[in-house]
Amino acid sequence: MRLPAPRETVPLLLVAAIAAILPVFGSDYYLGVGFALFGWIALVQSWTIVSGLAGYISLGHVVFAGIGGYVLVLTWGAVPVWAGAVLGALAAGLFALLVGLPVLRVRGPYFVILTFGLAEFAKYVVINIENALGKFGRLILGGPQVETLYWAMAAAALAGTLAVIATRRVRLGAGLAAVREDELAAETIGVPTVRFKLFAFALSALLPGFVGALFVLRTGYFEPAQAFDPVISFTIVTMAIIGGSEDARGPVLGALFLVVLSELLWASFPQVYMIILGALLIGFVLFAPNGVAGLLDRLRSTGGARAAT
Amino acid sequence: MLTVDRIGKSFGGVRALHDISFTVPEGSIYGIMGANGAGKTTLFATIAGNLAPSAGEVRLRDLRLTGLPPHRIAGAGVARTFQIVRPFRGLSVRENVATGLRFGARNRAGAAALDAAGILGLTGLAPVADRPAGALTLAQQKRLEVARALATGPQLLLLDEVMAGLTPAEVQQMIAMVRSIRSDMGVTVMIIEHVMGALMALSDHVVVLDHGETIAAGPPEDVADDPAVQTAYLGRRR
């Protein structure tokens, strides 16, 4: 067994440390912030499997969270709460398997647009189903306590981080990297590209389904336009760009950076939050394409070069 | 070992290959000659599964390759290089080779005994092993094509113009490397080359394609004297 590298231990320890520290403050505010942070970490880590490792940039990842949330409310009362959340995850994974075969045939900008369109399509399907049923938002009463949800989401963040670390280590990760670099060459040296892409897509959908179910439990109601809000997809991509998506560090750093920034700015300068966010995004795309994680690597290598001389 | 059986390939109205048949004996170096556009690379693509032929089939011993996806053909022990190099640019040279080792042939033959270090040594890439593949010179990227293909543990290696653009000294190195791949590892080699001298020196058998058809086949010295080949290459004598 290979020894864990810092790029593997750092994100795991960071998530575990934050999870352990936040409850110490003993306020629901910190639990709420932590819940959101872990939700984003789980979402961005999942996204990284198909979009970072395999290079298929999904701009519709909210669809899996939406499906998870929808399955939770549909099964509400019929099955135990956690069974509903797990069913939501499985439904999201199944959906990815079903749509993956046609969707993963296109790449580059076409895949980006297609995933975005697919998520919007799913949103309107659910809106119309709900309208036809005469439901205008569904209330969930008597869900788990904030603290319970907090720990469930922390577990999801850890699971997502572990999933990225594990995928990078095994044959699947090597195959996905080859797909990202040159899909034709990957296939020609023996990578079963179709199967690997489909598996990665389904894997990247499971946790978002669970996260979406927890989001619904936290807010206490389900409303399709909110559960399938494309801004969630955009935020995932933004966090991945800011943090980096080469390994498991980026999603943790990106989510942490954006959640802390938004908490600070919303409190003091709500008017300029979006402006600052936009400027940051442009800055990262131009000057740090591998995000904060890439910046850290660069700092370390120049530091190492200086130490060597 | 490899049987190409009445292969044809058309792109719309353009006939790239027509009724090509030959058999590559086990352990040989089999040369494919022909002018630009003669169909040589198309032939390799139909063998490796990157293109589906319009007619005919390709067999490796008793296994029908035609119709299998490329990764299954690689699994059966056929590896190819790309004339226009396709390295995994963002990965290091070592990772490129390691990916080949991790996938490739199911029953690893030939280069099976070699690990990444062995392949990097054989192909002269050890000094640049930790560089990103995209940062290599063209000559190095051509060698990386061979290294990655070898890493898949093939029984049959298809080399597509691995000497084009190399200096005479580099061509000599490449010739020595191809010979060693055949004799030391027992890999059967099919080779497309524009460098005529190199091809003649290396090959046991040569097939000459012209406009998608076979115009000559046989030992290199016979093929070189063939009037049809001289016409195709040098133009008609008036």
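What percentage of the 238 residues of chain B count as buried?

## Model and burial

Of these residues in chain B, 49% are buried, a term for a residue with 20 or more other C-beta atoms, placed from the backbone, within 10 Å of its own. The model is predicted, with local features needing pLDDT of at least 70 and side-chain atom pairs pLDDT 80 or more, while totals for chains, interfaces and linings use all residues. Residues are numbered from 1 along each chain as its sequence is written, and chains are lettered from A and ligands numbered from 1 in the order in which they are written.

## Overall form

Chain B has nine helices and 10 strands; these are DSSP runs, of at least four residues (H or I) for helices and at least two (E) for strands, numbered from the N terminus. The radius of gyration of chain B is 17 Å, close to the 18 Å from the globule rule for 238 residues, so chain B is as compact as a globular protein of that length. The radius is taken over C-alpha atoms, and the rule is 2.2 Å times the number of residues to the power 0.38. The C-alpha trace spans about 55 × 40 × 35 Å along its principal axes.

## The sheet

Six strands of chain B make an open, mixed sheet in the order S6-S7-S8-S3-S9-S10; strands pair if DSSP finds at least two bridges between them. Strands S6 (78–80) and S10 (213–218) of chain B are at the edges with a single partner strand each, so one side of each has no neighbour in the sheet.

S6(B) pairs with S7 (residues 156–160) of chain B in the parallel sense over three bridges. In this region B:Arg80 is opposite B:Leu158 of S7(B).

Methods: A residue is buried if 20 or more other C-beta atoms lie within 10 Å of its own, exposed if 12 or fewer, and partly exposed in between; C-beta atoms are placed from the backbone.
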